[in-house]
Amino acid sequence: MIKNYLKIAWRNIRKQKFYSFINILGLTIGMTCCFLIFMYVRFELSYDSFHKNKDRIYRVVTDVKTPTELIEADITSAPMGPNIKADFPEVVSSVRINLQNALVTIGSNKYDEDRVAMADSTLFDIFSFQLIRGTAKNALAEPFTAVLTESKAKKYFGSADPMGKTFQMDGGKVTIKVTGLMKDVPENSHLPFDMVISMATAERMGQNLTESWGNFGMLTYLLLAPGADAAKLEKKLPAFMESHIGSTMKRNNMYYTLHLERLKDVYMTSKRPAAVKGSITNIYIFSIVAVFILLIAVINFVNLATARATERAREVGVRKSVGAYESQLTFQFLCETLLLSLFAFVLSVALSQLLLPPFNLLAGKEIAYNIFLTGTIGWFLFIAIAVGLLAGIYPALVLSSYKPVVVLKGAFSSSNKGLFLRRGLVVFQFVITIVLIAGVMIVYYQLLYLQSRDLGFKKDQQLVVEFGGVDNMKEKWFDIRQQVLNVQGVSGATFSSAIPGRFQNSAYSNIEMKNGEMQASNINLYFIDYDFIKQYEIKVLAGRAFSPQMATDSTQAMLVNEAVVSSLGYSKPEEIIGKKFDQWGRKGTIIGVIKNFNYRSLKEAVSPLTLRIEPEAFVPMTITVSPKDAKKVIAGVEAIYNRYVPEGRFNYFFVDDDFDRQYRGDFRFGQLVLTFAILAIFLATLGLLGLISYIVIQRTKEIGIRKVLGASVNNILLLLSTDFIKLIAIALLVATPLAWYLMYQWLKDFAYRIDVPWWVFLAAGCVAVVIALATVSIQTMKAAMTNPVKSLRTE
Amino acid sequence: MIQLKHISKHYPVGFGKNEILRDIDLRIFEGEFVSIMGPSGSGKSTLLHILGLLEEPSQGEYLFDGEPVHKMNEKKRTQLHRGAIGFVFQAYHLIDELTVYENIETPLLYKNMPAAERKSRVADILDRFNIVAKKDLFPNQLSGGQQQLVGIARALVGEPKVILADEPTGNLHSDQAKEIMELFKQLNEKDKITIVQVTHSELNATYGHRIIQIRDGKIA
């Protein structure tokens, strides 16, 4: 029986090459999209699931509460972990991890490593990172020892045995011995590192890890005993903190509350900052997009199948008259759809495999390189069958319900059965398409706005060189700057502790309010030299910028931005001039107010910023240089750099590129939406093409008669397209509020954003209309231009 | 074998109804060859469809081999349909996508017959109708007479008790028509199959034992 069904299905597919092509192509594209997104979502959800103890591992995080704010940190101070382990028997083990950058030197080779972990020797007990050489117990026990990953070991020592080999860190000051070799950390680990240095090393290098309760910087993880209740443990932590540092917290008026996060929540749902972070919102967005793209393809199939149902009507009648049950016919038609979707499945798996490399690139990480090794094929087959059933069930029910008498009498002509449904589905497709088109336009409009908006400082032609590792910067910065200024092509050079778009420190500061009281708060700060304000072209609104002529400026003067002025309750910038400040041991007066400039991405509003002169903290130097001189200047500055930091590694970048890097994620998002929008448009067009070509065939006779009666080609075009234009108009009405709402959600993340322009929706609607008209025209033209005598003769 | 009591059939048209058959009483005995005649629109095709369980009467009783068909559920009716009734259409109604062999095989598939038995049955019928050479052709590769031959073969392969033929020769020229009618006669006489045919042709009607005239939905 099934053989008979398959035979018929196969012959139908071959006979109706055009429609089969449209159906299979549509389903293939839809499924490929779906498969790729499925792998992406699965990968994202798989983070940290490779740890055997994953259900018993918890991350300790800290809420730091000061009089003015609450900081939700992902880190703890060094003593917290070991003390929790000592005080609570249900804690089996604890590990502290500190992720950092390091400069590794081996002979004359220098390597910048940005994925270095410093960790306790318990790391390998708690987590399932695989050691190949060395033992979990001993590998990280001693100071100045390290465990390398396979790829790092290969990079440093080639094929030689790395065990016992040494390398230098911190510009040759420290020698580290390799005591272990581990497998590379899996891509789906929220802890990214290429080597682990023993935590004992930090202690030996002068860090106090047992006493410094207020010095934050350690990720801390606990392994609980089987069956231990984390919530109960969490409730006991406030008392624990009180007993250890209660008086200190009170004295500093800074309170720490510890919380426990399940390991499986750390990557995806934790709201705290992290080096490697997932986005549950993106998971939702992509899952929805995958479903919608697949739905468009399914709708294409349903529309075409129901429109063409009459072609199969006679077969249904005959089969019923020789004794077929209705259910048997339903099953037969479902089999045909399943066959189609299995075809599409095979093609989709192949296509997904081909598209994996560019998809990995787009996602920014290696999701998979061989689709057959991901263990998802079973799921894909399941999806394919589900798609086949979903697409097939309605047409199958419609077909198998035909009454044999009606069909076989020959009085049966194309009915309007399912016309309403078809129209509804076409509208649905266009709603998705228009939302995606409008979405793409709004995303790109916003990104354009981000790049072109005046940030309040000059970001072009600003070269930045990092002078990290200069000993005694306080004495040398002036000379260094002078030498850089002497390089031909340099028109300005300024030192600071931070530059726009990069991390800046913050400090617990006291500033005088209007009523004379000192207000304490945690405020961002820049340490700058005398030229910073001038060179970055930042406007001074009141008072003056720093001046080398004023002797007290170097220690007792502060600049603030507008945000500080308003946050302290002053109404005019002038009012804060001359007020007192107390910050990190320096006391003095505020001498000037600068206009707000966006020193962070435009996603954030400008927050309060204080600026002081503190040469010890200088690291990046900003050098103004015209593009044509850039190469020469970089070479010149490198020579100066090498004189001052001989064992360092010369790094430079341009402020404008670097600042825009903050929007890389948003550009990636834009690209993905664009890709999906194009696919959605393509699929919807494909469906329309099939539907229209069928309608045209059905109406060939009508078109012929109309032409004989004097209709022009244009009349006929209008006749056939009016229907679709109406549907698009309805789709536009539905899509506009939907797209507006969705894009508003996305735009909300930006402190500086465009107003959604009304014409975006009109433009999206126009695109849809143009596509529909083009599709209709091509198909209709053929019919409209044929000699009516031909089409009428066939009757 | 077939007994109709007070059978009526009407369709709703607007607020009223269109009566096709009115109060038909009819008995057809096993082994009979009956011809139903009447002008276009008199209701003869509808009567045949009711006999063949393709349509349900609006009123009245239908007994097949003494069993009340009008009280059967869909499943039982389909079983009766499969086992006892074969259909032959004016327009042949072969499935275009299937070969001659497969067309004939289809009813057996619905009877869930084992493959080996199916094969021998279809082979027998092909042999008997002399169309073995054509078994792999598709319907559009055959002449009208040949297609109707296949249609009859398909009706016969399930070994029905009765064959219902709706103007079986309506689309054929006279030589082919004669051949088909001879075949029906032979089936009726040799194989003892009950045959009910609807026809316009006086000549074809003479092949049967009895003629039932229908006019305006009534037996005249």
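1. Two residues are in contact if their C-beta atoms, placed from the backbone, lie within 7 Å. Among contacts in chain A between residues at least 6 apart in sequence, 82% join residues at least 24 apart.

2. This is a predicted model, in which local features need pLDDT of at least 70 and side-chain atom pairs count only at pLDDT 80 or more, while totals for chains, interfaces and linings use all residues. Residues are numbered from 1 along each chain as its sequence is written, and chains are lettered from A and ligands numbered from 1 in the order in which they are written.

3. Chain A contains 25 helices and 23 strands (DSSP runs numbered from the N terminus: H or I of at least four residues for helices, E of at least two for strands). Its C-alpha atoms fill a box of roughly 105 × 60 × 55 Å along the principal axes.

4. Of the 795 residues in chain A, 39% are buried (20 or more other C-beta atoms within 10 Å of the residue's own C-beta, placed from the backbone).

5. Beyond its neighbours within four places in sequence, M31(A) is in contact with L294(A), A344(A), F345(A), S348(A), I383(A), A384(A) and V387(A).

Definitions and conventions: Buried ≥ 20, exposed ≤ 12 C-beta atoms within 10 Å, placed from the backbone.
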